Amino acid sequence: MTIDQWAKELADITSQENIKINESLKKYTMTKIGGNADILVMPETEEEAEGIVKYTHNNKIPLLVLGNGSNMIVRDGGVRGIVMNLSKLNEIRIEGTEVYAQSGALIMDVSKKAAEASLTGFEFACGIPGSVGGAMAMNAGAYGGEINDVIVHSTVLTREGERLVLSKEELELGYRKSIIADKNYIVLSSLFRLEKGNKEEIDAKIADLTFKRQSKQPLEYPSAGSVFKRPPGYFAGKLIQDSGLQGKGVGGAEVSTKHAGFIINKGNATATDYIETIKMVQRTVKEKFGVDLELEVKIVGED
């Protein structure tokens, strides 16, 4: 089956304008690097997403799911098969102390809406750049809070297109991991439970966390955010800093001088530059401290 045939058959599931052939993925990732997707499709409803997953499964077509692309590096050769971008599934709804959010909604927008409704418990996410789906998959957290603290349940799709509702316990959330990541499930939506709070206090906390983030992180450059998981007993950024790697890199990629845990795209980096810089950091930290730095970001696609 050809790419044009895939596109034609996908048009039975979602509208033609949501299907792009040979689309550059640079504009869909936070690093602004990476090659093209054979097909990029952007479903507008959960039913369309379900239909696309079933279609790819039944026709044995590789499927990559992309949210906000904040913790993903796409190699320069791009992605074969179909890339499903969920950014149009972005509804956020509040009922009482419960917040319903679709997977493509930005997690920082959920934090913002919760604050507007005087709900506390989601302030930690005010600066996390990912989508709800990505945040669920990696149990995203910052400043002492994480998804595990506020989640009630998530609605997901298996790779066969079966819909499941997973409770907090069934999600098996741990440090930067979940059953979603382990089983390659696709998040459709999540329900969070917060508490009524004082709006002034919530706003003040968000302002404080935003200031901390802006003063410590290199937000002026494209990056995949925090590249490495925290190794037991250490901080990745401190190990990288103590290895003298800040300001060093390959090609257009560089270890940030502002926060050593970030690798930035200085403007013309390729995915190869970025990945080679990651390897250089891992190698140096291993040589100097005997610590293996494990990736928090996902590397996909072809060289």
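Q: What counts as a nonpolar core here?
A: A nonpolar core is a set of buried Ala, Val, Leu, Ile, Met, Phe, Trp, Tyr and Cys residues joined through side-chain atoms within 4.5 Å. Keep in mind that this is a predicted model.

Q: OK. How many residues are in the largest one, and which have the most contacts inside it?
A: The largest nonpolar core has 30 residues. Ile107, Phe122, Val132, Met136, Ile147 and Phe192 have the most contacts inside it.

Q: Which helices and strands supply at least two residues each?
A: Three helices do: H3 (107–116), H4 (132–137) and H5 (179–183). So do strands S7 (98–102), S11 (151–157) and S13 (186–193).

Q: And Phe192, what is it in contact with, leaving aside neighbours within four places in sequence?
A: Its contacts include Phe122, Val132, Met136 and Ile147. Thr97, Glu98 and Val99 are also among them.

Q: What lies apart from that core?
A: Another core, of 24 residues. Ile33, Phe228, Ala269 and Val297 are among them.

Q: Switching to Leu119. Buried or exposed?
A: Buried: Leu119 has a relative accessible area of 1%, and the cut-off for buried is under 20%.

Q: Where is Leu119 found, and what does it touch?
A: Leu119 is in strand S8 (residues 119–120). Beyond four places in sequence, it touches residues including Ile94, Val99, Leu194 and Ile202.

Q: Now the open sheet. What's the strand order?
A: S15-S17-S16, with antiparallel pairing. S15 (223–226) and S16 (253–255) are the edge strands. The twist averages 20° from one strand to the next.

Q: How many bridges join S16 to S17?
A: There are 3. Glu254 has Ile264 in S17 as its bridge partner.

Methods:
Residues are numbered from 1 along each chain as its sequence is written. This is a predicted model: local features need pLDDT of at least 70, side-chain atom pairs count only at pLDDT 80 or more; totals for chains, interfaces and linings use all residues. Side-chain values use heavy atoms; hydrogens and water are left out. Buried means under 20% relative accessible area, exposed over 50%, partly exposed in between (1.4 Å probe, protein chains only). Helices (H or I, at least four residues) and strands (E, at least two) are DSSP runs, numbered from the N terminus. Contact means heavy atoms within 4.5 Å. Two strands pair if DSSP finds at least two bridges between them. Axes are lines fitted to C-alpha atoms, for helices over the stretch in contact, and angles run from 0 to 180 degrees between N-to-C directions.
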